[in-house]
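Student: Could we go through this one together? I'd like to hear what stands behind each label.

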Amino acid sequence: FKPEELLDANLVKALIVTESGFRSNPKAQNAGRAGLARGLIQITDQAIKVMNDPDGDFKNHHIRITKENVKDPIVSIAAGTRWLFEKRRLAKHRLKRNPT
């Protein structure tokens, strides 16, 4: 995984404080159609499903993300950061320009 543009660590910190207030094991929250959101970065059930698709864009990650292990801060930050890159890629594709 080699991103074209690096992700600012302060953006990740801001996301964590917004989503979980840096609580290491926040309660899962209802995220509507995306299912429940869990962990520091509040990864949704839908995001976990996409990241675990063996034929999807995340097929080269080295761990299997589960609803349980995403509560681990290390897994949550790694998965959430990877998910941010995917969301940026999708936005770039849909907008036909670099998202800001």
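This is a predicted model: local features need pLDDT of at least 70, side-chain atom pairs count only at pLDDT 80 or more; totals for chains, interfaces and linings use all residues.

Student: What makes the radius of gyration agree with a compact globule?

Tutor: The rule is 2.2 Å times the number of residues to the power 0.38, with the radius taken over C-alpha atoms. For 100 residues that puts a compact globule near 13 Å, and the protein chain has 13 Å, so the two agree. The C-alpha trace spans about 35 × 30 × 25 Å along its principal axes.

Student: Why is Gln42 called buried?

Tutor: Buried means under 20% relative accessible area, exposed means over 50%, and partly exposed is in between (1.4 Å probe, protein chains only). Gln42 has 7% relative accessibility, so Gln42 counts as buried. Across the protein chain, 31% of the 100 residues get that label. Gln42 sits in the loop between strand S2 (36–38) and strand S3 (43–44), and has a positive phi of about 55° although it is not a glycine.

Student: And why is Phe22 called partly exposed?

Tutor: Phe22 has a relative accessible area of 49%, so the label is partly exposed. Phe22 also has a positive phi, near 65°, in a residue other than glycine. Its place is the loop between helix H1 (9–20) and strand S1 (29–30).

Student: Which label does Ala28 get, and what does Ala28 touch?

Tutor: Ala28 is at 36% relative accessibility, so Ala28 counts as partly exposed. Ala28 lies in the loop between H1 and S1. Leaving aside residues up to four places away in sequence, Ala28 touches Leu36, Ala37 and Arg38; contact here means heavy atoms within 4.5 Å. Ala28 and Arg38 are 10 residues apart in sequence and 4.7 Å apart in space, C-alpha to C-alpha.

Student: Why does Ile74 count as exposed?

Tutor: Ile74 is at 66% relative accessibility, and therefore counts as exposed. Ile74 is found in helix H3.

Student: What about Asn69: which polar atom pair involves its side chain?

Tutor: A polar atom of the side chain of Asn69 lies 2.7 Å from the backbone nitrogen of Thr66. A polar contact is a pair of N or O atoms within 3.5 Å; within protein, one must be able to donate a hydrogen and the other to accept it, and residues adjacent in sequence count only if both atoms are side-chain atoms. Asn69 has a relative accessible area of 24%, so Asn69 is partly exposed. Asn69 lies in the loop between helix H2 (45–51) and helix H3 (73–95).

Conventions: Residues are numbered from 1 along each chain as its sequence is written. Side-chain values use heavy atoms; hydrogens and water are left out. Helices (H or I, at least four residues) and strands (E, at least two) are DSSP runs, numbered from the N terminus.
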